[in-house]
Amino acid sequence: CLESGKNWRVMHLPTHEQHFYDVHRIEFSGDVTIRITEDSFHVLTLAEGKAVQVISENGLEYSLNYLETIIIPCAAGSYNLKYTGEGRARVIKTFVK
């Protein structure tokens with residue numbers, strides 16, 4: 001576990017050391033805020049759960065449905081993931097190292 005809070009945790013899913021990208025799994029219920037670091041965009045895929053609201057720092061919203069993918073530009077700064085379904089949502093976050 002890389003980070004965790006009351007209703008969330010971020011797990012590292014290791015890739016080969018020579019790969020130029022890295023993968024994290026965000027597991028949460030309710031909502032969690034993700035900060036973009038290292039000036040890298042994030043590619044998000046909802047791997048478990050019906051739908052997650054993605055809310056950017058400036059208030060733009062997008063509904064990410066099961067197995068859909070969205071790209072969050074590094075200029076977004078941070079974004080909030082909100083899940084109102086039962087259990088936990090799992091979002092796969094891929095980014096350039």
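First, the ground rules. The model is predicted, so local features need pLDDT of at least 70 and side-chain atom pairs count only at pLDDT 80 or more, while totals for chains, interfaces and linings use all residues. Residues are numbered from 1 along each chain as its sequence is written, and side-chain values use heavy atoms, with hydrogens and water left out.

A pocket here is an open set of points on a 1 Å grid over the protein atoms alone, where a 1.4 Å probe fits, with protein on both sides within 12 Å along at least five of seven lines; a lining residue has an atom within 4 Å of a point.

Two or more lining residues come from each of β2 (8–13), β4 (30–35) and β10 (89–96); strands are DSSP runs of E, at least two residues, numbered from the N terminus. β4 gives the most, four residues. By class, the lining has six nonpolar, five polar and four charged residues, where Ala, Val, Leu, Ile, Met, Phe, Trp, Tyr, Cys and Pro are nonpolar, Asp, Glu, Lys and Arg charged, and the others, Gly among them, polar.

Of its 13 lining residues, S56, L60, I72, P73 and A76 lie closest to the centre. β6 (51–56), β7 (61–65) and β8 (69–72) supply at least two each, and β8 gives the most, with three. This lining has nine nonpolar, two polar and two charged residues.
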